[in-house]
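Here is a friendly walk through a few helix contacts, aromatic rings and backbone details. Keep the viewer open as you read.

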Amino acid sequence: MKLPSCRSSVIAVLFGFLIPLAPCQSVVGQATTEVPPAGVPAANEPQAITNSLRADIGFLASDDLRGRSVTDETIHVAADYIVKRMNAIGLETDAVDGGALQSVETPVGSEARNAQRNFCKVELGDETIEATLEDGFGPLALGIQSGEATGPLIFVGYGITANEFGFDDYAGIDAQGATVIVLRKEPGANDPDSPFNGTENSRHAFFATKVINAISHGAAAVLIVNDPGSTRSAVQEVQNRINREANRKQRLERMIQTLPPELKKNRAAAEEQIAVAERLMDSEQDALRIAARGIIGVGNAGPASPQTSKLPVGSIARDVVDRLLKANGQSLKDLEAQIDETYQPASVVISNAKATVSVDMKPGVAVSDNVIGVLPGKGDLAGETLIVGSHYDHVGMGGVGSLAPGTIAVHNGADDNASGTAMMLACAAEMKRRLASIDSHREIHFIAFTAEERGLIGSARYVTDPIKPLAQAAAMINLDMVGRIKDNELNVYGTGSATGLESLLDSTNEDFGFDLFKVASGYGPSDHQSFYRARVPVLFFFTGLHNDYHRPSDDVDKIDFDEMTRVAEMVCAVAYRLGTQAERPEYLETNRTPVRPRRQMTAYLGVQLSANAGVRVVSITEGSAAEQAGLQPNDIIKRVDGAAINVPDDLVRWVRNHSADHRFEMRVQRGGNVITLKGTLQPRPE
């Protein structure tokens, strides 16, 4: 709901206190994923924009695209789709060496440099056992980038020294100069009664803790053995990806059989996507084999730190370790079971064994593309440009950037940022239509940026090598997370980045009636910042952070397409004015203080407040968090979680910045006493 102004005597804090196939279609995804017809929306036909938004978000946020990470091949499938959409709209897609794609290199941690220098070789009596890169061994970025160590070989169980639990895998073991074999996780990981925090990980389960402990005991190298549960999960995840591609291939093959012969473009597109599915399945076979042996990915144990980067660290196959232990009269499976059942160490020096561990890594780079489409200018303004951009990458299956730690699942990114990409394309179609009869307008560059989630890398790349000099740019409009507006609140950042932008925004909004939350700064954690730093005025449209941000739950079914269409129409109106007005906005410098994205109101307190005589409770909603905490009418709220509450807006901001189920402590004045109340915020009623 809309919050009245604080000047009012009473403040309400009940807030959060299928389209037929057409020749231009391509086929990808769980169902037919069409490139919507060029279908430039007719005037006053918002349904055409809605249909476009639904189709584009439905494709980009489908499970088949696996979250559009720059490290996943599906980022190229997404880029190809966007190019086809731009062509269907009628944009020019030849601005980068005759094409639409501008290559972007993104640092993505470490990768093996030299296969011959990544290995583990064990001399076991007269026998030599060697595990090589992707054949039983893999370097881990957690340790030293390049190095080699040779010494005795010792199995040290889980590699834990935990005085608080009376447990020490190194007791009676001299690990000085040795290569230690360490099990992943900790004893009794599936036992609710385990002394190691039951089924929750204690700090001793962390890779870094194990490596630091090995270093403290004098180890020269560490070999980590994956646990059976994690190995099964890794295998299943790869198999799921293979199954999805196999199912997609089958759907496409069935669809081709039903296509009329005259739809040659549809057939060609489907055959192209079948080839993509086959390539993906082939590439996953090696991943399946590696996962089945328990090899941990180079970066999956975490990055190096000054404490861990002192020695070689690698992942070694379970079957190799079992072979080494059996030469000593034991087995990996039996030793794991013994430790898990008895909660007693079972470390052992492997007799007559000398191990050499070598790692050689380099910074990894992923290559993906910015996608650029151009609507040529006309008349007196043709020499100037307007940029409308959005990023189309996301955080993939989890890991880097995910706010669901340890979760391996598709982070679909429907709002972040399939929504912005879809709106950018809808705006392109609308500008194509509206400017067709205009004699003078700026050239408009529509850009889908990659690698935003890795630090605005795609937009930074474009700024260093734009298709037209940025000195010609009148402004840049950025669209990021624009699909889930609540309470009619539309956030617009950059209103102070140039003369006239705020007044243009306000006058345009007279036709739409949004409650605008305006931020003057041109800085912030999205692609507009790259342009603003290059002295280009910016406007960043954003509908607010929510609890699904960077989590697998950011799905298509949570997009409000009707309200998103209104936002798209507003953006199109602003873009039209910036593209056609004679006067160009003049760049202004704004405060460099870091800008935090504004959260939507997702929690609920349930009070009405008076702004008179302090922040006084007027009434309380029955059953609300306020009532359950013990608040009463006429209480004066002084502090919440230690934060001072001086005016009702202080409480509004506090609730906005917290999620449902947050436990709070509130200091209130009741009569002549100050008392402490405790409560838990509730989910905001829909």
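## Where H1 meets H12

Helix H1 crosses helix H12 in a right-handed sense (right-handed if the near helix is turned clockwise from the far one by less than a right angle, left-handed if anticlockwise). This is a predicted model, in which local features need pLDDT of at least 70 and side-chain atom pairs count only at pLDDT 80 or more, while totals for chains, interfaces and linings use all residues. Residues are numbered from 1 along each chain as its sequence is written, and side-chain values use heavy atoms, with hydrogens and water left out.

To find the two helices, look at residues 46-60 for H1 and residues 561-580 for H12; their axes come within 9 Å and cross at roughly 110°. That makes H1 roughly perpendicular to H12. Axes here are lines fitted to C-alpha atoms, for helices over the stretch in contact, with angles from 0 to 180 degrees between N-to-C directions. Angles of 65 to 115 degrees count as roughly perpendicular, under 35 as roughly parallel, over 145 as roughly antiparallel and the rest as oblique. Helices (H or I, at least four residues) and strands (E, at least two) are DSSP runs, numbered from the N terminus.

On the H1 side, Pro46, Ile49, Thr50, Leu53, Arg54 and Ile57 meet Phe561, Met564, Thr565, Ala568 and Glu569 of H12 (contact means heavy atoms within 4.5 Å). Sorted by class, this contact has seven nonpolar, two polar and two charged residues. Ala, Val, Leu, Ile, Met, Phe, Trp, Tyr, Cys and Pro count as nonpolar, Asp, Glu, Lys and Arg as charged, and the others, Gly among them, as polar.

## H2 alongside H8

Helix H2 (residues 74-89) and helix H8 (residues 414-434) have axes that come within 10 Å and cross at roughly 15°. The two are therefore roughly parallel to each other, and their crossing is right-handed. Ile82, Arg85, Met86 and Ile89 of H2 meet Thr421, Met424, Leu425, Ala428, Ala429 and Lys432 of H8. By class, the contact of H2 with H8 has seven nonpolar, one polar and two charged residues.

Val83 also sits in H2. With 17% relative accessibility, Val83 is buried (buried means under 20% relative accessible area, exposed over 50%, partly exposed in between, with a 1.4 Å probe and protein chains only). Apart from neighbours within four places in sequence, Val83 is in contact with Ala100, Leu101 and Val371.

## Aromatic rings

Rings of Phe, Tyr and Trp (its six-membered ring) pair if their centres lie within 6.5 Å; planes under 30 degrees apart count as stacked, over 60 as edge-to-face and the rest as tilted. The count by this rule comes to 13 aromatic pairs. In one of them, the rings of Trp654 and Phe664 have centres 5.7 Å apart and planes at 85°, so the pair is edge-to-face. Trp654 belongs to helix H14 (residues 648-656) and Phe664 to strand S24 (residues 663-670). Trp654 is buried at 8% relative accessible area, and Phe664 is buried at 4%.

Elsewhere, Phe165, Phe167 and Phe196 form one aromatic cluster.

## Backbone details to look at

The peptide bond from Asp416 to Asn417 is cis, with omega near -5°, and Asn417 lies in helix H8.

Asn197 has a positive phi of about 60° although it is not a glycine. Asn197 is partly exposed, at 44% relative accessible area.
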